[in-house]
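Please read it alongside the coordinates.

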Amino acid sequence: MLPGVGVFGTGSTARVLVPLLKAEGFEVHALWGRSEEEAGCLAKELGIPFHTSRSDDVLLHQDVDLVCIYIPPSMTRQIAVKALGIGKNVVCEKAATAVDSFKMVTAARYYPQLLSIMGNTLRFLPAFVAMRQLLVEGYVGEVQVCDVRVYGPSLLDQSYGWTCEELMGGGGLHTVGSTIIDLLSYLTGARASRVHGLLRTFVQQNGLIRGIRRVTSDDFCFFQMLMGGPGSSSSGVCCTVTLNFNMPGSFVHEVMVVGSTGRLVARGTDLYGQRNCGKGEELLLGDSGWAGPEVKDMPLPHLRGLSSMVKALRQSFQAHEERRSWARGPVAMAPTFEDGLYVQTVVEAVKRSSCSGEWECVEIMSQEPDPNHNLCEALQRNKN
């Protein structure tokens, strides 16, 4: 028996997620939006029986056992932690800060029987599933270099909002770079130990965002990561990532992994490979075409990955008769909340590096920082 679903969000992801869920047999019972009007319009369009702007109305809905959270990062932690506390399974997007991510990890550890995964759909894209398998089988030999390029149009909304604010989780690094950081960890089986990066905001105002308001989120980002892990050489894997969202009308999504005996390249949704002894590059996995709904604001790799993730969710829940029970196997490749904490830690290290101009170490939080730490230090200095 598949669980009933409650969806948080009214953006492009929610618009394509709901039809995909319904196509796999899920019943979407509730939709949350920032306003009653916003939620009502989308609920009517997608045929969802209940809509609201009150989060508790979805979380406490008696028919909702799986919550999908696709809302601004600054709101994600609050909804995800509360959902787990109520006993709901959770699929959600990234949080805004490492502290928020740590609180989500704590909640997930407290309720291990509940599903709690991050919604990085690139892990489910067939091209990257095949790439990871080939890397495990030794197609490229020892992994040495990863090179990623993602170019596309602006990520800003039509009006001033969270996408314009770096502190609220806007920008290319947080929105797209986080999925790449997670993907590279998934492909190589290693995590970043040190990073170096550069962030820039070239478009600070436009025809819709002007006056006293300015964009603070990055539209260009370049960063490097030194990654280590089981089976890697002492020097680790060298990764470079370039993100440029100043290219309207175009989209490039290329992930290359180079090793001692060959290379693998995912271009869009296709996978190519070449061994050093080979005569040329060969197509290893081609895209058979997308038959689902078209979404203007969602690139095809994420769209195909989202479809594959929903199929995996169906297989996971279908294995049990109880609506809230799930099997780990079909969603084993999904990033956990712990992976989300690692990714957010790397994102914040890249931001520090952009400010300092230095290489920064990636140190994952092991306990929540004391919110009164600075106050306590000030009181101690005054006492002395």
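Which elements cover the buried residues of α2? The cover includes α1, β2 and β3. The model is a predicted one, in which local features need pLDDT of at least 70 and side-chain atom pairs count only at pLDDT 80 or more, while totals for chains, interfaces and linings use all residues. Residues are numbered from 1 along each chain as its sequence is written, and side-chain values use heavy atoms, with hydrogens and water left out.

Helices (H or I, at least four residues) and strands (E, at least two) are DSSP runs, numbered from the N terminus. Helix α2 spans residues 36–46, and its buried residues are A39, G40, L42, A43 and L46; buried means under 20% relative accessible area, with exposed over 50% and partly exposed in between (1.4 Å probe, protein chains only). After α2 comes G47, with a positive phi near 70°.

Strands β2 and β3 belong to an open sheet of 6 strands with parallel pairing, in the order β3-β2-β1-β4-β5-β6. Two strands pair if DSSP finds at least two bridges between them. The edge strands, β3 (50–52) and β6 (116–118), each pair on one side only. From one strand to the next, the twist averages 20°; axes are lines fitted to C-alpha atoms, for helices over the stretch in contact, and angles run from 0 to 180 degrees between N-to-C directions. Helix α1 (residues 12–23) packs on this sheet and touches β1 (4–8), β2 (27–32) and β4, contact meaning heavy atoms within 4.5 Å. The direction of α1 makes about 175° with that of β1.

**The mixed sheet**

A second open sheet has 9 strands with mixed pairing, ordered β14-β13-β12-β11-β7-β10-β9-β8-β15. Because β14 (282–285) and β15 (360–361) each have a single partner strand, one side of each is left without a neighbour in the sheet. Helix α6 (residues 126–136) packs on this sheet, touching β7, β11, β12 (262–267), β13 and β14, and its direction makes about 170° with that of β12.

| Strand pair | Sense | Bridges | Facing residues |
|---|---|---|---|
| β4 (66–69), β5 (89–92) | parallel | 4 | C68, V91 |
| β7 (143–151), β11 (252–259) | antiparallel | 8 | C146, V257 |
| β7, β10 (237–244) | parallel | 7 | D147, T240 |
| β13 (270–275), β14 | antiparallel | 3 | L271, L285 |

F223 lies in strand β9 (residues 220–228) and counts as buried because its relative accessibility is 0%. Not counting residues up to four places away in sequence, F223 touches L173, I181, H196, G197, C239, T240, V241, L243 and V350. One of these, C239, is 16 residues away along the chain, and the C-alpha atoms of F223 and C239 are separated by 8.3 Å.

H253, in strand β11, is buried, with a relative accessible area of 4%. Apart from neighbours within four places in sequence, H253 is in contact with L122, F128, R149, V150, I180, A266, R267, G268, P301 and H302.

**Pocket and cavity**

On a 1 Å grid over the protein atoms alone, a cavity is a set of points where a 1.4 Å probe fits but cannot get out, and a pocket is an open set with protein on both sides within 12 Å along at least five of seven lines; lining residues have an atom within 4 Å of a point. Grid points are joined across faces, edges and corners, and a volume is the space filled by probe spheres set on the points.

The largest pocket has a volume of about 1,800 Å³. Its lining comprises 49 residues, of which S12, L155, D157, W162 and D297 lie nearest its centre. Helices α1, α7 (172–188) and α8 (300–318) each supply at least two residues of this lining.

The structure holds 1 cavity of 30 Å³ or more, and about 160 Å³ of space lies in the largest cavity. Of the 16 residues lining the largest cavity, K94, M118, N120, G340 and V343 lie nearest its centre. Helix α7 and helix α9 (337–356) each supply at least two lining residues there, and the largest share, 4 residues, comes from α9.
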